[in-house]
Amino acid sequence: MSLSAILLFILILLVLVVVHEFGHFIVAKLVGMRVDEFAFGFPPRIFGKKFGETMYAFNAIPLGGYVSIFGENGSEEDKKENGATHHPRAFGNRPWWAQLLVLVAGVTMNMLLALMIFIGISYGEVKMSVDDPVYGSRVKNTSIMVTEVSPASPAFRAGIIPGSTITKIVNAGASAQLTTATSVVSFIASHQNTPFIISYISPDGQKKSTTIAAVYGIIPDKKALGIALEQIGTAKMGLKDAFILGYDRTIMITELTFEGLASVATSAFKGDDVLESLSGPVGIAKIVGETSEYGVAAILTLVAALSINLAIFNILPLPALDGGRMVVVILETVSRRKIPFKYYSWVNIVGFFLLMLLLVVVTINDVRK
């Protein structure tokens with residue numbers, strides 16, 4: 001893993017955490033709570049500066065961040081302020097709706113970040129398939145692009161990656177007509193018994209050439225190179241189109257994330273090993289490094305997807321997460337009784353410990369892989 005990939009990962013993490021915690025921070029201020037600290041990373045502290053009542057800090061362990069709101073950890077903390085038992089600006093002494101607004105604000109900001117990114121990369125000249133049912137008729141300046149590469153296929157071993165633009169395919173002195181994806185697939189099918197010389201432009205703009213042969217085992221009863229092709233061009237998108245595309249992509253990634261979580265939960269319930277489907281900081285940093293090869297739009301897409309994942313994970317009703325805190329607020333509101341501090345504190349401590357343990361286990365698995 002390169003240093004640039006690690007630095008890019010830390011930058012992305014910084015953006016995601018700051019956006020999430022800023023949601024908590026700004027809403028807490030707006031509803032009259034006292035914010036004691038706004039920090040990126042976990043202690044020990046590298047440096048910090050206090051402005052007004054709030055300490056702004058940068059900590060040594062860049063695996064998250066937090067906003068410390070006075071009284072958020074229960075009634076015992078509330079009593080520390082000059083012996084007062086009902087400090088008016090303590091988290092637990094603000095109205096229930098204010099508490100819920102603060103808790104949901106971080107998730108909301110992450111979803112808004114994803115939406116804004118998807119709208120931004122959908123505006124102007126956008127790469128689009130001619131087969132797109134809505135915008136395909138607008139596409140101009142088309143070329144044949146690799147959209148998928150099968151693992152362990154000849155194309156994969158040769159270094160061809162999704163996003164590569166095919167410029168020439170030659171086999172036994174004949175050249176493929178790069179007019180449509182179908183024509184190229186037909187050419188490959190009719191020349192599958194001899195090697196192909198494929199010239200292409202990688203996503204980072206480098207001109208490359210490789211020789212590969214089709215093999216059995218990728219698709220049933222046929223030889224194949226292991227690539228999926230589409231005729232891709234550019235279509236001009238206005239602000240309205242960009243908003244629709246951005247919204248649709250946000251919904252799509254959100255649905256896929258929920259489906260992924262449901263699949264992991266189902267597998268875990270069955271006793272299956274789910275570690276292979278999870279990634280920690282090391283795994284995500286590796287993905288960031290690989291994605292950076294595809295350009296700025298791909299990196300921004302990954303940031304948006306990670307932001308949605310962070311939002312959904314935080315809304316889960318688990319101790320030490322925003323969703324778990326929301327459950328507590330709802331229970332206290334319905335029952336009209338405060339949950340005793342000692343129980344509330346221990347549940348949070350155990351929840352946080354289990355999350356950190358999961359992070360360590362997943363990270364070890366990332367390193368092993």
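Modeller: I start with the charged pairs, then turn to a hairpin, a helix and a surface patch.

Keep in mind that this is a predicted model. A search of the whole structure finds six salt bridges. Side chains of opposite charge can pair when their charged atoms come close.

Take Glu 53 and Lys 29, whose side chains meet in a salt bridge with N to O at 3.3 Å. This pair links distant parts of the chain, 24 residues apart. Glu 53 sits in the loop between strand E1 (35-51) and strand E2 (54-69). Lys 29 belongs to helix H1 (residues 3-30). Neither end is buried. Glu 53 counts as partly exposed because its relative accessibility is 26%. Lys 29 is also partly exposed, with a relative accessible area of 32%.

Next comes Arg 34, which forms a salt bridge with Asp 36. Their closest N and O atoms are 2.8 Å apart. Arg 34 has 16% relative accessibility, so it counts as buried. The cut-off for buried is under 20%. Asp 36, at 23%, counts as partly exposed.

Now look at helix H7 (residues 281-291), which holds both Lys 286 and Glu 290. Their side chains meet at 2.5 Å, N to O, in a salt bridge. The two are four residues apart in the helix, so about one helical turn separates them. An α-helix has 3.6 residues a turn, so residues three or four places apart point the same way. Lys 286 is partly exposed at 47% relative accessibility, and Glu 290 is partly exposed at 37%.

Strand E5 (residues 165-171) runs antiparallel to strand E7 (residues 196-201), joined by five bridges. Thr 165 has Ile 201 of E7 as its bridge partner. On to strand E8 (residues 207-212), which pairs with E7 over six bridges, again antiparallel. There, Phe 196 is partnered by Ile 212. The E7 and E8 hairpin has five residues between its strands, and Gly 205 takes a positive phi near 90 degrees. Thr 210 lies in E8. This threonine is buried, because its relative accessibility is 15%. Beyond its neighbours in sequence, Thr 210 touches residues including Ala 158, Ile 160 and Tyr 200.

Helix H6 (residues 239-269) has 31 residues and reaches 45 Å from first C-alpha to last. Its buried residues include Asp 241, Leu 245 and Ile 253. The buried residues of H6 pack against helix H3 (96-121), strand E3 (124-129), strand E11 (227-237) and helix H8 (296-315). Just after H6, Gly 271 takes a positive phi of about 90 degrees.

Last, the surface. A nonpolar patch of about 690 Å² has Trp 346, Ile 349 and Phe 353 among its members. Ile 349 is placed in helix H10 (residues 341-368). At 45% relative accessibility, Ile 349 is partly exposed.

Notes. Residues numbered from 1 in each chain as written. Predicted model: local features only at pLDDT ≥ 70, side-chain atom pairs only at ≥ 80, totals over all residues. Heavy atoms only, no water. Patch = residues over 30% accessible without salt bridge, like charges linked within 9 Å, V, L, I, M, F, W, Y side chains within 5 Å. Areas by Shrake-Rupley, 256 points an atom, 1.4 Å probe, with all protein chains shown as cover. Salt bridge = Lys/Arg side-chain N within 4 Å of Asp/Glu carboxyl O. Buried < 20%, exposed > 50% of the residue type's maximum accessible area, 1.4 Å probe, protein only. Expected span 1.5 Å × (residues − 1). Contact = heavy atoms within 4.5 Å. Pairing = 2+ DSSP bridges.
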